[in-house]
Each structure stands twice: as structure tokens, then as C-alpha cells.
Amino acid sequence: MVRRFAAVSLLNLLRISAVLAAGLAGPASARAAEPPEQVEFVSRDPARTSLNGYLFKPEGEGPFPAVIALHGCGGLFSSLDPARLSERHDDWARLLVDEEYVVMFPDSFGQRGIDSLCDVRDRRALTVGRRARDAQGAAAWLARQPFVDPDRLAVLGWSHGGTSVLSFAGRAEPKNTDIRAAVVFYPGCQRFADNPTWEPKVPVTILIGKQDDWTPVEPCRALAKRFPDEIELVEYPRAVHGFDAPDQRVHPITGLAYTASDTGIAHVGTEPEARRDSIRLVKEELERAFARKRE
């Protein structure tokens, strides 16, 4: 199903822009999440790679639903402070923990000696399929924890992590887990649109901007058209890549390995109305998925 986000009025847009500008001019508006616990788990990749995960938990004993969140091609950590998660990841951790979900961020890069994949064309060292195996390993680890309900798990991903979640969604679930939903922000859909054998085994929600010149929307439209009952596609008319970032001015990035124009240039940054609506939709989708009785 394709849902095109309705544009807001000019007056509301100006109000939203003014609020965003005020936030950009001063301290970041997002309240930081509590520092995560670092844990170790084993990927389901062929090498059974030992990876670090960063775990956020609500107060209480649980068991809680849990969300596995996969970072993009730039990695999990802040470029300004490598000891901290990026502002986007920290923000989403806070938002989801506030909903009483456990959140785990697998670090697919650190133990493999990878800094970034954004400017790498040959990605055989870490494919999206291998990252899907990382998510499977994280799901298996979470299912063994007493504070997690193994029958209420979901996967979330951004960009390269979103593409990896689509790969995950086309695979069998790890044993003793129930993956209820997959939510992906601005993934690369082309490989799945071109693959006649791929099909989602869990419900998928794709959130993407119509102005995205890094991972364009058209292949995701084709995928949603092919699976109208399994995939919900939400398009934001003014949004570019990374529209859900807390406070980031729209700006170009150069030197990228893959872009829609094949120039290596794409734009990223916050679109406040898309950000606000996507937060609402993610919360609604997870609430609906976790409330659904196991089949």
C-alpha cells in the first residue's frame, strides 16, 4: 500500500520552520537517552562473528517488547564524539524506551574493522545479507534475556541498515522468536525490486522522501506495488535522505559510492513535518504489531 503524506499549509510550514530554526540556533532540542549498556552477541553470519551491541532498557523487570535497530553506512557513532552514539540513534533510543521497549543497536562495523561504507563501492566485505545475519544474531540474543518478551520483537533500520532490514525480512525468523514488524527509513529497494524470488515474511513499513537523491523512491514504489498487503510505503513530498534527524540542516554530501544521479552527491537533513509524522507512525506500527496475537 502506498500512502503519500499530505503537504501542510504554508502557514504551518512557516511555523514549523521557525521552531526548527530556533532549535538549530541553540542547543540540540532532543533529550539524550541514558547511556547504553554494551553487550556482546554472535552474528549468524558464516564466520559467527562476535559483535558488540548497545542496549537501552526501560525501568522495571519486564519482560518488554524489543526493537533491533540497524545503523546506516556511516556507522553507529557520532562523527563529533566517537564514544557516543550519533544524535539520530540516541534520539530514537529515547523515543522507543519512553514507549517501554528495549532497544538494541548492533554495531556491524567495529569488530570487523570498518569505519564507513558510504564511499565504498565494493561492499563484499560486509553485504546487506551479512548484516541481516547480524540482526538474526541480535534477535536470538535478546530472546534469551529475562527482561525481553521473545514473542514481541521488531526490526528497524536506516539507509544501508534499512536495506539490511529488507534482506532480513525476506529470511526465516531465528528460532524461538516472533518478529512482528520491520520498519525501514529510506532504504535501497532496487535489489529487491529486481529479485523475483524475494518476498517479505513479516509486515514491512517503508518511510522515504520523494526528494531523496541518495536512495530514490521509485524502486520502493515498485516493491510496494508488488506486495500491497505486506508492504506499506509512506512518501514525504519535501523530504530528502535523513529527514528524521533531530536537528540537521539540509546539506549536500559528496564522495558517496552510490547515488541516484551517480555523481556521488546527495542531500541529507531534517524535514520537520516528515520527522514528526514518521515518529508517530513508527510508534503506532510497533504498538499495533506488539498487540497482535501470535498466529
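This is a predicted model: local features need pLDDT of at least 70, side-chain atom pairs count only at pLDDT 80 or more; totals for chains, interfaces and linings use all residues.
Trainee: Which cysteine is joined to Cys73?

Mentor: Cys118, with the sulfurs 2.0 Å apart. The torsion about that S-S bond is about 95°, so the disulfide is right-handed.

Trainee: Where do Cys73 and Cys118 lie?

Mentor: Both are in loops: Cys73 between strand S4 (64–70) and helix H2 (87–97), Cys118 between strand S5 (102–107) and helix H3 (128–143). The pair therefore ties together parts that are 45 residues apart in sequence. Helices (H or I, at least four residues) and strands (E, at least two) are DSSP runs, numbered from the N terminus.

Trainee: Is Cys73 buried or exposed?

Mentor: Cys73 is buried, at 6% relative accessibility, and Cys118 is buried at 14%. Buried means under 20% relative accessible area, exposed means over 50%, and partly exposed is in between, using a 1.4 Å probe and protein chains only.

Trainee: What does Cys189 pair with?

Mentor: A disulfide joins Cys189 to Cys220, S to S 2.1 Å. Cys189 is in the loop between strand S7 (179–185) and helix H5 (190–193), and Cys220 is in helix H6 (residues 218–226), 31 residues apart. Cys189 is buried at 1% relative accessibility, and Cys220 is buried at 0%.

Trainee: What pattern do the disulfides follow?

Mentor: 1-2, 3-4, counting bonded cysteines along the chain.

Trainee: New topic. How many aromatic pairs are found?

Mentor: A search of the whole structure gives 13. One of them is Tyr54 with Phe77: the ring centres are 5.4 Å apart and the planes are at 90°, so the pair is edge-to-face. Tyr54 sits in strand S3 (residues 50–56) and Phe77 in the loop between S4 and H2, 23 residues apart. Rings of Phe, Tyr and Trp (its six-membered ring) pair if their centres lie within 6.5 Å; planes under 30 degrees apart count as stacked, over 60 as edge-to-face and the rest as tilted.

Trainee: Is Phe77 buried or partly exposed?

Mentor: Phe77 is partly exposed at 27% relative accessible area, whereas Tyr54 is buried at 11%.

Trainee: Which residues form the aromatic cluster?

Mentor: Phe56, Trp92, Phe105, Trp158, Phe185, Tyr186, Tyr236 and Phe243 form one cluster.

Trainee: What lies over the face of Phe147?

Mentor: Lys57, at 4.5 Å from the ring centre. A charge sits over a ring if NZ of Lys or CZ of Arg is within 6 Å of the ring centre and within 35 degrees of the ring normal.

Trainee: Last one. At what angle do H2 and H7 cross?

Mentor: The axes of H2 and helix H7 (residues 272–291) cross at roughly 45° and come within 11 Å. Axes are lines fitted to C-alpha atoms, for helices over the stretch in contact, and angles run from 0 to 180 degrees between N-to-C directions. H2 and H7 are therefore oblique to each other. Angles under 35 degrees count as roughly parallel, over 145 as roughly antiparallel, 65 to 115 as roughly perpendicular and the rest as oblique.

Notes: Residues are numbered from 1 along each chain as its sequence is written. Side-chain values use heavy atoms; hydrogens and water are left out. A disulfide is a pair of cysteine sulfur atoms within 2.5 Å.
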